[in-house]
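Reader: I have a structure to look at and some questions about it. Can we take them one at a time?

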Amino acid sequence: CGCTPDWTPGHFIEHEVARIRELVGRTARAICGVSGGVDSGVAAALVHRAMGERLTCIFVDHGLLRLNERDQVERTFRAHLGIDLRVVDAGERFLAALAGVEDPEEKRRRIGHAFIDVFEDAARHVGGDVGFLVQGTLYPDVIESSSPRGGPSVTIKTHHNVGGLRPNLPWKLIEPLRELFKDEVRQVGRELGLPEEIVGRHPFPGPGLAIRVLGPVTPERLDLLRRVDAIYIDEIRTAGLYDRIWQAFAVLLPIKSVGVMGDGRTYDHVVALRAVTSRDGMTADWFPFPHEVLGRISSRIINEVKGVNRVTYDVSSKPPATIEWE
């Protein structure tokens with residue numbers, strides 16, 4: 001078809017910086033939602049290169065984060081990016097919005113709407129004319145949420161930063177990574193000089209643990225999953241496998257099972273572990289852990305997390321399964 005493979009991270013950055021400067025003009029300000037992950041981190045660094053101090057990043061602690069994640073994000077972004085970072089504690093607001101909700105699509109919609117409400121409140125405290133919202137939307141997010149060009153693809157799941165946003169946004173969107181896959185985003189991040197701590201981080205969904213707690217989302221169920229997930233990732237790092245895996249996480253299932261602890265009967269929670277390899281997130285294969293590693297992970301979780309008596313490992317590929325369970 002006459003196409004030439006001339007895409008490079010450097011050329012992409014140069015093109016996007018020029019496009020963003022033309023779009024926003026010389027006085028408008030922008031806010032950017034950051035999660036600590038590679039997508040929002042690269043989007044923020046790219047827009048910061050175009051806008052400088054007119055960009056303010058907002059990190060929303062929605063109460064759906066992993067163990068100690070808020071502290072890690074604050075430390076990483078302030079130390080390496082040098083961007084104005086505002087932290088909003090909105091956990092109670094999100095948990096109230098999710099009370100009694102079990103349907104995963106409804107969870108995503110409510111989280112998306114709550115994000116915008118929080119951003120509106122935060123934007124009022126940012127000086128100047130805030131006219132733009134920066135998001136780290138990637139091409140796979142768009143494909144799974146809708147048909148990007150009106151084609152026949154169906155909605156697989158609504159990503160909170162695509163179909164989860166309400167239609168009457170008070171800002172124009174800047175989505176510099178919208179046509180990139182994850183591997184390309186990592187290349188752009190390295191070209192921008194971001195540390196491997198950000199660029200090599202496993203993906204974490206915007207809705208957070210809300211879509212890894214299957215069924216109702218409560219503080220107790222979130223705390224249990226946090227402890228399980230922390231052990232799982234710690235053992236993966238200890239085994240030297242973290243960088244070989246695209247994404248790894250634990251899921252709290254909406255069931256309980258009978259078990260035996262000592263001489264007594266238990267009836268406790270079941271968790272599933274998920275780890276996949278992938279290049280772009282569009283397809284994925286389950287990671288073949290050594291049996292002894294899975295054994296250590298299972299033993300630690302059951303012995304250290306009260307309320308869990310059974311651990312399962314997900315051996316489904318994408319397709320037919322998605323990477324996340326919800």
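Author: Start with Cys32, which counts as buried because its relative accessibility is 0%. The model is a predicted one.

Reader: Is Cys57 buried or exposed, and what is its relative accessible area?

Author: Residues under 20% relative accessible area are called buried. Cys57 is therefore buried, as its relative accessible area is 1%.

Reader: How many disulfides does the structure hold?

Author: A disulfide is a covalent bond between the sulfur atoms of two cysteines. The cut-off for the sulfur pair is 2.5 Å. The cysteine sulfur closest to that of Cys57 belongs to Cys32 and is 4.5 Å away, so the two are too far apart for a bond. The number of disulfides in the structure is zero.

Reader: How do helix α1 and helix α2 pack: at what angle, and how far apart are their axes?

Author: Two packed helices are described by the angle between their axes and the distance between the axes. Here α1 covers residues 9–24 and α2 covers residues 38–51. The angle is about 60 degrees, and the axes are 9 Å apart.

Reader: What word describes how α1 and α2 lie to each other?

Author: Roughly perpendicular would need an angle of 65 to 115 degrees, and roughly parallel one under 35. The angle between α1 and α2 is about 60 degrees. The two helices are therefore oblique.

Reader: Which residues of α2 meet α1, and how do the residues of the contact divide?

Author: On the α1 side, the residues include Phe12, Ile13 and Glu16. They meet Leu46, Val47, Arg49, Ala50 and Met51 in α2. The residues of this contact divide into nine nonpolar, no polar and three charged.

Reader: Where is Gln247, and how far is its C-alpha atom from that of His202?

Author: Gln247 is in strand β6, residues 247–261. Gln247 counts as buried because its relative accessibility is 5%. Among the residues it touches are His202, Pro203 and Arg212. Gln247 and His202 are 45 residues apart along the chain, and their C-alpha atoms are separated by 5.1 Å.

Reader: What is the phi of Asn68?

Author: Most residues other than glycine have a negative phi. Asn68 lies in the loop between β2 and α3. Its phi is positive, near 60 degrees.

Conventions. Residues numbered from 1 in each chain as written. Predicted model: local features only at pLDDT ≥ 70, side-chain atom pairs only at ≥ 80, totals over all residues. Heavy atoms only, no water. Buried < 20%, exposed > 50% of the residue type's maximum accessible area, 1.4 Å probe, protein only. Axes fitted to C-alpha atoms, helices over the stretch in contact; angles between N-to-C directions. Helix = DSSP H or I, 4+ residues; strand = E, 2+ residues; numbered from the N terminus. Parallel < 35°, antiparallel > 145°, perpendicular 65-115°, else oblique. Contact = heavy atoms within 4.5 Å. Nonpolar A, V, L, I, M, F, W, Y, C, P; charged D, E, K, R; others polar. Lists of a residue's contacts leave out its neighbours within four places in sequence.
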